[in-house]
Amino acid sequence: MAPRLNVTQMVRQAARLAEVRPELVAAYRVALRRWSGDPVLRLLGLPIVTEGYRSGAVQDALYARGRSAPGPVVTYKRGGESKHNVLPSRALDVAFLLADGTVVWSGLLLSKFARLMKAADARVRWGGDWPGFKDRPHFEV
Ligand SMILES: [Zn+2]
């Protein structure tokens with residue numbers, strides 16, 4: 001069975017996308033439609049947006065991880081430096097909802113979705129293509 005969003009999740013997705021630049025939202029919607037229309041891909045997981053806009057304070061808290069706070073390094077951008085920190089956001093992060101309700105950040109699924117995102121709009125850049133630190137959930141314009 002293909003995973004589906006419940007009403008709460010649908011509302012949350014819409015709220016996140018409302019804070020993202022229209023051209024990136026359009027690319028996401030096209031990629032999502034192609035993913036959901038593929039009989040194999042749709043069974044692997046449903047793409048979801050985990051974050052669009054992110055305040056400077058939240059960005060600083062993320063930057064602290066792996067530095068002054070515990071955990072691995074998750075970003076090299078301080079508050080104000082990320083494309084997530086402008087409104088509307090120039091970036092969004094993607095994960096996958098599985099049929100059992102869990103959320104995964106599979107590199108394989110993200111690379112498959114990245115192909116659809118880049119095909120939808122050539123302006124979209126994928127964090128998985130960056131040299132050095134790979135930010136596979138990340139897409140930006
Ligand atoms: Zn990101």
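The model is a predicted one, in which local features need pLDDT of at least 70 and side-chain atom pairs count only at pLDDT 80 or more, while totals for chains, interfaces and linings use all residues. I also noted that residues are numbered from 1 along each chain as its sequence is written, and that side-chain values use heavy atoms, with hydrogens and water left out.

I then found Arg65 in the loop between helix H4 (56-64) and strand E2, where helices (H or I, at least four residues) and strands (E, at least two) are DSSP runs numbered from the N terminus. Setting aside its neighbours within four places in sequence, I listed Pro70, Gly71, Pro72, Val73 and Val74 as the residues in contact with Arg65, contact meaning heavy atoms within 4.5 Å. Thr75 is ten residues from Arg65 along the chain, and I read 8.2 Å between their C-alpha atoms.

**The zinc ion.** Which residues coordinate the zinc ion? I wrote down His84 through NE2, Asp93 through OD and His138 through ND1, at 2.0 Å; donors are N, O and S atoms within 2.8 Å of the metal (3.2 Å for Na, K and Ca), and since water is not among the atoms, sites may look incomplete. The spacing of these donor residues in sequence is H-x8-D-x44-H. Asp93 belongs to strand E2 (residues 91-97) and His138 to strand E5 (residues 138-140), so that this pair, 45 residues apart, links distant parts of the chain. I checked the accessibility of Asp93 and His138 as well, and both are buried.

**The whole chain.** I counted five helices and five strands, which follow one another along the sequence as α-α-α-β-α-β-β-α-β-β. Along the principal axes, the C-alpha atoms fill a box of roughly 45 × 30 × 30 Å. I noted that 38% of the 141 residues count as buried. Of the contacts with a separation of 6 or more, 60% are between residues 24 or more positions apart.

Conventions. Buried means under 20% relative accessible area, exposed over 50%, partly exposed in between (1.4 Å probe, protein chains only).
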